[in-house]
Structures are given as C-alpha cells and as structure tokens.
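Keep the structure in view while you read.

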Amino acid sequence: MNKSLIPFLILLVSIKICSAQQVAVKIEPWSSKPAIHTFDAKYNKESAVVIKDVRRVEYIDNAKGEVEKYYTLHKIVHVNDDRAVEEYNKIYINVNDNSDIVDVRARAILANGKTVELNKSDIKDYKEKDGGTYKIFALEGLEKGCEIEYAYTVKRPTSFIGKENMQSDKPQLETSFELICPERLRFELKAFNFVWNATDSVQNGKRFVKCLQASTVGVEEEKYAFYEANVKYIEFKLSYNDVVRKGERLYTWNDLGNRIHGMYTSYSAKDLVLVSSIIKENGWDKLTDEAKKLIAVENYIKTKFGYNEDLDDDESNALSVIIKNKIAGQTGMMRLYSAIFQNLGIKYQHVLAGNRSSSTIDYKFENWNNCDYGLFFFPTQNKFIAPTRPDYRYPWIPPVWGNSNGVFFRTTTLGNVSTAIADVRNIELQHYSKSVHTIESTIQLNKKLDSLEIDAKQSYTGYAAVDMRDAFNYANDEDRQNIIKQLSKMLTSSENVLFSKVTNQEFEKATNNEPVVLHVKTKSGDLIEATGNKLLIKIGLAIGPQVEMYQEKERQFPMNIEYAHILDRKINLVIPDGYAVKNLNDLKLNEIYKDKGEQTMGFMSDYQLNGNVLTINVVEDYRNTHYPISQYEAFRKIINSASDFNKVVLVLEKK
C-alpha cells in the first residue's frame with residue numbers, strides 16, 4: 001500500500017482520551033517448569049515440529065489519544081535433526097529500536113530436561129543488504145531432540161490492515177491468531193485457503209477476535225505453484241469505528257478511489273504549464289490516433305525519466321520537481337502520466353493491481369495492502385500501461401499483476417467536485433498465442449561425422465520477450481556475450497559460438513510484438529556419439545533443458561504459471577549420405593488435455609522426412625495461468641512429455 005495513505009488511515013481511528021492511562025499489553029504466559037512435549041510418532045521423520053505458534057495483534061489507546069499497535073509471536077519448536085538445529089539457532093525480531101521491544105524471552109529445553117535461558121545482553125543489531133534492520137540472538141547448545149521456545153512482544157507502526165500466515169513448511173500442532181482492540185473498533189478477518197471458526201467477544205471494554213487451528217500440515221514449495229498465495233493465511237482490516245463515523249464502513253474501495261484521485265490528479269497552475277510545454281515540444285497534440293499518443297508518451301517518459309520506488313515524499317513527487325529532476329516514485333509517475341493524458345483528452349482509468357503470486361484482491365474484503373502497483377487502463381483500447389516498469393511497453397504489463405482482480409477507478413464529477421468510483425474486476429492479460437518462444441534449428445554433421453554444426457534462431461514474443469529485452473538492453477558487452485553463450489549452450493551443449501546476432505531488442509518494439517531474435521551458429525561434439533556403424537544423435541536436447549515432475553508426496557497446491565504461452569520448436573536435421581534413421585517413431589509424442597471440450601494445455605511432437613532432411617516439429621502450450629489441483633496428473637504428464645522428448649536419441653545406421 002502506498003505510504004501516502006497511512007496518515008489518512010490513522011486519522012479515522014484516533015480519538016481523544018479524557019484521562020491519561022498506562023498502556024497495558026497482553027504478555028504471553030511463560031511456564032516456570034518447561035518440559036519436552038510428546039506427540040504422534042508420525043512426526044518423527046519431520047525435520048522439526050511446531051508445537052505451538054501463537055500470533056497476536058493488539059491495538060491500545062495511549063495517553064495522547066492515539067492508537068498504538070503491538071505484535072506478539074510465541075513459538076515452541078521440537079527439533080528432530082541437525083538441519084533444524086541450524087535453522088532455529090538464531091532468532092530474528094524485526095524492530096528498529098530497543099524501545100520498540102516490550103518483552104522478549106527465549107530458551108532451549110534440552111533432551112535431558114536442562115533449560116538454557118537467553119541472556120538479553122546477547123541480543124545484537126543486524127542489518128540486511130536491502131536496509132532491513134533486526135534484533136538477532138543466538139541460542140547455544142541446541143541438539144537433536146531439544147525444544148526451542150521464544151516469545152516476544154514489540155511495538156509496530158500503527159496500521160489497521162494486515163496479514164498473518166497460519167501455515168509453514170513444518171507441521172504445526174496448534175496455531176492461533178488473536179486480534180485485540182478497543183471495543184469501539186470493529187475489525188473484519190478473512191481466512192484464505194482454509195475454513196475457520198473464529199470467536200468474537202467483548203470484555204472490559206476490549207474486543208477479542210480469535211482463531212485456533214489444530215494439526216496444520218507442513219507444506220513445502222512445489223514446482224509450478226505460488227507458495228505464498230497458496231498457504232493458509234488470514235487477512236484483517238478495520239471496517240467500523242463506533243465513535244467516529246458510526247455505522248459507516250471504513251476503508252472501502254471507494255474511499256481508496258477518492259484518495260487516489262486526489263493524489264494523482266491535483267496540479268498547480270505551474271504544473272499544468274510545464275506539462276503543456278512537454279506536449280507541444282514533442283508534438284503529441286498533433287497526433288490524431290489515441291494509441292499513437294499513448295505509445296509516444298510512454299516511450300518518452302520511460303526514456304527520459306527514472307523511477308525510484310523509495311521516493312514517496314510529497315516534494316519528490318511534485319510535478320515541477322519531477323520534470324526538473326527527471327525522476328519520481330510511484331505517486332509521481334502516476335501524476336505525470338495523468339496530467340499528460342488529461343491534457344491530450346485521453347480517457348483513462350487508474351488501476352491498482354496486486355501480485356497473484358502472493359495475494360488476492362477481494363471485492364468484499366477491502367485490503368488496501370494488496371494494491372501495490374499502479375496501472376493505467378484505456379477503455380477505448382481495452383489495454384494497459386505499467387508506468388513504473390521501464391522494461392514493459394504498451395500494452396504489456398507484468399503478468400503476475402494480471403489474470404487476477406484489480407481495483408479500477410472511474411472518475412465522476414458532481415458540480416465542481418470530482419472523485420473516483422471503484423470497481424473490482426479482472427485485469428486481463430494478452431492472449432496466450434501472443435507469447436511464444438520459438439526455436440528454429442538446422443543441424444548437420446561435419447565431414448568427419450564427429451560433431452554437429454548448428455544454425456539456430458530463438459525468437460521471443462509477448463511476455464516471453466521481456467527478460468530478453470531486459471538482458472540485452474541493460475547488460476554490458478561482456479555480460480551480453482555471456483548471456484549469448486548460456487542461451488546457446490541450452491540448445492547445443494556448447495559455448496563454442498561461431499556467430500551471433502541479436503535483433504529487435506529495443507523496448508519500443510514490444511508494442512507491435514516484434515520478436516527478439518537471437519541467431520547463433522555453433523559447433524558441438526557433445527550431442528553426437530559414434531558406436532560401430534551407428535551414429536547416436538541426442539536430438540531431444542535441441543529443444544533445451546526440460547523440467548521433470550516426479551514427487552513422492554501428495555500434491556498440495558494447484559498449478560500456477562506466470563503467463564500463458566506457447567513453446568514452438570522446429571528442428572531440421574540433415575542426415576548424412578549413406579545413413580538412415582532407425583527409430584523415427586521415438587519422435588512422436590502426443591499428450592493433450594481438454595477442459596469442457598477446449599484444449600487448455602498440451603505437448604505434441606511429430607516429424608516429416610523429405611529426402612535426407614528430417615524435420616521435427618514440437619509444440620508445447622499452456623493456455624491458462626491457473627490449473628486446479630484436480631488436473632495435476634494431466635499437467636504432470638504434459639510436463640514430463642517434454643522431459644521424455646529431451647531424452648530422445650536418434651540412431652543413424654549405415655545403409
């Protein structure tokens with residue numbers, strides 16, 4: 001969520017308290033006689049077992065009439081092996097200042113019953129490369145069979161929307177989440193990926209909402225699954241304040257729209273003059289086609305202006321400052337585009353998108369924290385621009401922002417007052433057929449028949465082209481050559497590049513979906529082997545390395561992919577004179593899945609033999625970004641068909 005919204009949120013819940021009062025936070029109970037827990041033998045093979053996982057968020061009125069937020073975590077973990085010892089021997093607390101720590105305790109209960117307590121003087125400061133700061137402490141003497149218990153309560157920056165995971169990669173025997181707040185505040189909680197029974201009660205002027213889960217299975221990351229989006233988690237938000245705006249729902253999508261509209265469309269007279277000058281200098285007002293205007297504006301801004309997500313203060317995002325310094329944060333970028341589009345008379349809607357790899361935007365549950373990314377939607381074109389992503393061009397946007405709900409804001413005016421009405425609906429991605437990775441290779445043997453000469457073109461369109469354009473535009477010459485070598489090696493098992501050329505790598509060429517093309521010529525001895533009067537050619541490797549999906553454990557999650565796409569390969573193998581291919585049928589694979597009569601994914605390979613040229617056609621496609629777990633076996637078969645083709649070795653035998 002945009003940091004500029006935080007003061008607005010706090011204003012809605014703050015009230016003046018007539019008499020000063022001491023902040024009293026609920027502290028976790030701490031047994032004076034801890035002991036090793038017993039549990040079902042089925043958990044003995046687990047690296048660790050979480051005996052208890054308690055999470056609590058508490059809101060308290062302080063003496064100044066402000067609402068403070070406190071967070072508590074209490075865990076007991078039984079350690080079964082050395083890997084778990086290594087994982088849990090250090091505990092991190094995300095705080096910036098010692099004054100934020102209300103309570104911290106930790107201990108290890110060894111297998112023999114001995115208890116080793118944390119010495120609070122051993123708590124150290126720790127800073128990550130990304131700037132995140134933590135308190136860290138180590139627990140000494142951990143061993144297999146011991147238990148680790150720690151609990152802390154810390155003061156957090158006040159916010160009234162949040163998320164807590166109720167599942168991890170370890171089995172949890174007891175998991176609970178509790179939210180405590182003044183009685184006047186009414187929060188809503190929603191469970192994702194599980195059904196829950198929450199209790200809601202009021203005692204002594206405080207409201208308590210609690211969820212308790214027993215025996216939550218541990219889930220590990222799986223191939224083709226968005227882990228964070230699929231685990232069990234809870235989201236909460238403040239929906240009503242019975243003292244301020246009683247009975248009126250708070251933090252609605254329309255509230256967000258009103259706030260966004262004010263942030264992105266308020267300009268000074270000086271701002272408008274500067275914007276008008278830019279438009280006239282570039283001749284955009286002379287263009288008659290709306291799409292051409294959009295393309296010209298986007299290419300100009302993404303070429304001339306920089307983006308820095310850390311620029312979130314008002315001054316840095318003022319239009320006059322942006323135009324002078326040529327850099328902005330998200331708010332500034334949205335304001336700059338909005339001002340230009342308004343001047344040009346282009347109809348647009350602001351859109352806030354989430355990331356479907358981690359969360360969902362729900363129409364009935366207004367979690368503003370899930371709306372992190374700004375887009376522009378153009379109703380006339382039915383397409384988008386991602387203003388903060390210089391690596392994308394109209395109409396392409398980061399695919400994980402799409403095929404999921406976004407919040408669309410339509411401007412409405414009543415008299416002299418303008419605001420925005422919110423509508424939650426799907427952000428449509430471009431059709432799967434526009435994102436294609438194509439390989440066209442001609443392979444022939446050298447005169448000695450001991451190596452292959454490979455002429456290969458790889459082309460990338462749509463979402464598949466984004467990473468290629470990134471790589472070839474931002475890399476230096478040395479890195480570019482290394483990228484070419486690695487891409488060549490994927491198809492030929494050789495870095496012996498004799499020739500290479502990259503075309504259409506310019507970002508602007510994405511708009512018309514011109515393919516990024518990498519043309520390489522290589523020589524490889526790794527794909528051929530001579531044995532007696534036979535030549536063995538590892539033709540399956542010519543489509544590049546493939547993923548295998550074989551797992552002993554039952555599948556836990558549905559299948560997710562970043563974007564729907566096609567993989568299209570055409571391989572021409574020139575068969576040397578005097579030889580014939582003995583196992584052509586090994587090239588024929590066909591695994592297709594249809595849902596309600598419509599193909600949604602498939603792998604097909606076949607061949608044609610014309611004289612001494614063997615043409616192999618391989619097509620693999622995934623037409624959806626989400627496949628339910630009920631289709632796992634079909635999905636796995638298609639993935640493994642590609643892997644099976646990877647293993648095909650053609651046998652060429654002398655006639």
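Predicted model: local features only at pLDDT ≥ 70, side-chain atom pairs only at ≥ 80, totals over all residues.

Student: How many helices and strands does the protein chain have?
Tutor: Both are DSSP runs, numbered from the N terminus: helices are H or I with at least four residues, strands are E with at least two. The C-alpha atoms fill a box of roughly 100 × 80 × 50 Å, taken along the principal axes. Within the chain there are 11 helices and 35 strands.

Student: What percentage of the 655 residues counts as buried?
Tutor: Buried means under 20% relative accessible area, exposed means over 50%, and partly exposed lies in between (1.4 Å probe, protein chains only). For the 655 residues of the protein chain, the buried share is 51%.

Student: Of the contacts with a separation of 6 or more, what share joins residues 24 or more positions apart?
Tutor: A contact means heavy atoms within 4.5 Å. Among contacts in the protein chain with a separation of 6 or more, residues 24 or more positions apart account for 73%.

Student: Is Val 49 buried or exposed?
Tutor: Val 49 sits in strand 1, residues 48–61. Leaving aside neighbours within four places in sequence, Val 49 has contacts including Phe 39, Ile 76 and Leu 173. With a relative accessible area of 0%, Val 49 is buried.

Student: What distance separates the C-alpha atoms of Val 49 and Tyr 267?
Tutor: Along the chain, Val 49 and Tyr 267 are 218 residues apart.

Student: On what arc do the buried residues of helix 10 lie?
Tutor: In helix 10, Arg 480, Ile 484, Leu 487, Ser 488, Leu 491 and Thr 492 are buried. The arc is that of the directions from the helix axis to the C-beta atoms. These residues are on the same side of helix 10, because they cover an arc of only 120 degrees.

Student: Which elements do the buried residues of helix 10 pack against?
Tutor: At the start of helix 10, a side-chain oxygen of Asn 476 reaches to within 3.2 Å of the backbone nitrogen of Glu 478. The buried residues of helix 10 pack against strand 22, strand 23, helix 9, strand 24 and strand 25.

Student: What is the phi of Asn 193?
Tutor: Asn 193 is in the loop between strand 11 and strand 12. At 42% relative accessibility, Asn 193 counts as partly exposed. The phi of Asn 193 is positive, near 70 degrees.

Student: Is the peptide bond from Tyr 394 to Pro 395 cis or trans?
Tutor: Most peptide bonds are trans. Pro 395 lies in the loop between strand 19 and strand 20. With omega near 5 degrees, the bond from Tyr 394 to Pro 395 is cis.

Student: How many disulfides are there?
Tutor: A disulfide is a pair of cysteine sulfur atoms within 2.5 Å. The sulfur of Cys 181 is 16 Å from the closest cysteine sulfur, in Cys 211, so that is too far for a bond. Cys 181 is buried at 1% relative accessible area, and Cys 211 is buried at 0%. The count of disulfides is 0.

Terms used: Residues numbered from 1 in each chain as written. Heavy atoms only, no water. Polar contact = N/O pair within 3.5 Å; in protein donor to acceptor, adjacent residues only side chain to side chain.
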